[in-house]
Amino acid sequence: MEEFIRLNDGILMPRLGQGTWYMGEDPKKREDEISSLRLGIELGMTLIDTAEMYGEGLSEELIGEAIKDTAREGLFLVSKVYPHNAGRKNIFNSCRKSLERLGTDYLDMYLLHWRGRVPLSETVAYMEELKKEGFIRNWGVSNFDTDDMEELLSVPYGENCRVNQVLYNLGSRGIEYDLLPFMKSNGMATMAYCPMAHDRHTRKKIADNAEVKEISSRLGITPEQLMLSFVLSNEGVCAIPKASSPQHVRENAAAFNISLSPEDIKKLSLYFPSPKRKMSLDML
Ligand SMILES: NC(=O)c1ccc[n+]([C@@H]2O[C@H](COP(=O)([O-])OP(=O)(O)OC[C@H]3O[C@@H](n4cnc5c(N)ncnc54)[C@H](OP(=O)(O)O)[C@@H]3O)[C@@H](O)[C@H]2O)c1
């Protein structure tokens, strides 16, 4: 499996990264979270996803601590701007604060977290400014459905969007109908959030499925590793599972070496079907 996605400008983006939502918020978990992130980096999950929203900066601060002794070139840092900050008035300040908390002088990818009231043309113009000034290498969006992407492409420089970060997992395949093909045909990457279905209850429902159990035990992997390898079986998709225990981090890194056969994917599709019609975009 390819370890990177080559973005339109030639920059390589790792296909497997680490999510950090809710990290940095509980002082009792801090040490474990920092060591999990460091272990993940050691195991090759060098893309780290965060947002100014996560703990109002606490996730970015935690990452800053975790990466302080890691060579910057070996990392791919992604952060997101709140929609209400994604315009002329606040975007420079938001970006500067994210950089300060992360202890770095540039982001590899800066995403608009979801659509808000600031016109897309304004957000794009200022993303381009941030790029020109060297504060970010690239920019993208998050939680954009196909019609949002079409609108984005109609504004000046909209085609410079490199990534759309959306919810995608075995139990939530709506994007396969038109968004994923749209992203591919426009040379843009899709970053899958909640690849483990986010909450324990939904994850257990998937893990308890007879076919999931059969395939994972035959391959000697956990149902969660199967979920991750399912997401990664799509070319042009990168995944950002969040794991705060070393055990989970190891399992996730190992999932990169698992490849599901087309037959197994077909069997999974009997229970978790690919959509036959347009579905509204799942979001969290
Ligand atoms: N753009 C957006 O609007 C948006 C929305 C949601 C999420 N995100 C991003 O996407 C990331 C991932 O999504 P998420 O955190 O919501 O959900 P997720 O990654 O689907 O699930 C996280 C949960 O899965 C567990 N887990 C991880 N690896 C596991 C394994 N190998 N075996 C069993 N359980 C495992 C984690 O447990 P432990 O923590 O105990 O290891 C945690 O409870 C976020 O952290 C965030 O960076 C973006």
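A backbone N or O atom of P195 lies 3.4 Å from an oxygen atom of the ligand in this predicted model, a polar contact being a pair of N or O atoms within 3.5 Å. Side chains contribute too. An N or O atom in the side chain of H198 is 2.6 Å from an oxygen atom of the ligand. For the side chain of S142, an N or O atom stands 2.8 Å from a ligand nitrogen atom. The ligand alone exposes 910 Å², of which the protein buries 90% (Shrake-Rupley areas, 1.4 Å probe).

The shell around the ligand holds 27 residues, and D49, M196, H198, S244 and H248 come nearest; a residue counts if one of its heavy atoms lies within 4 Å. By class, 10 are nonpolar, 11 polar and 6 charged. Here Asp, Glu, Lys and Arg count as charged; Ala, Val, Leu, Ile, Met, Phe, Trp, Tyr, Cys and Pro count as nonpolar; the others, Gly among them, are polar. Helix α10 (residues 246-255) gives the largest share, 3 residues.

The fold contains an open sheet of 8 strands, ordered β3-β4-β5-β6-β7-β8-β9-β10, with parallel pairing. β3 (17-18) and β10 (237-239) stand at the edges with a single partner strand each, so one side of each lacks a neighbour in the sheet. Strands β5 (residues 76-81) and β6 (residues 109-112) pair over 4 bridges. K80 stands opposite L111 in β6. Pairing requires at least two DSSP bridges; helices (H or I) need at least four residues and strands (E) at least two, as DSSP runs numbered from the N terminus.

Residues are numbered from 1 along each chain as its sequence is written. Local features need pLDDT of at least 70, side-chain atom pairs count only at pLDDT 80 or more, and totals for chains, interfaces and linings use all residues, while side-chain values use heavy atoms, without hydrogens or water.

Definitions and conventions
A polar contact is a pair of N or O atoms within 3.5 Å; within protein, one must be able to donate a hydrogen and the other to accept it, and residues adjacent in sequence count only if both atoms are side-chain atoms.
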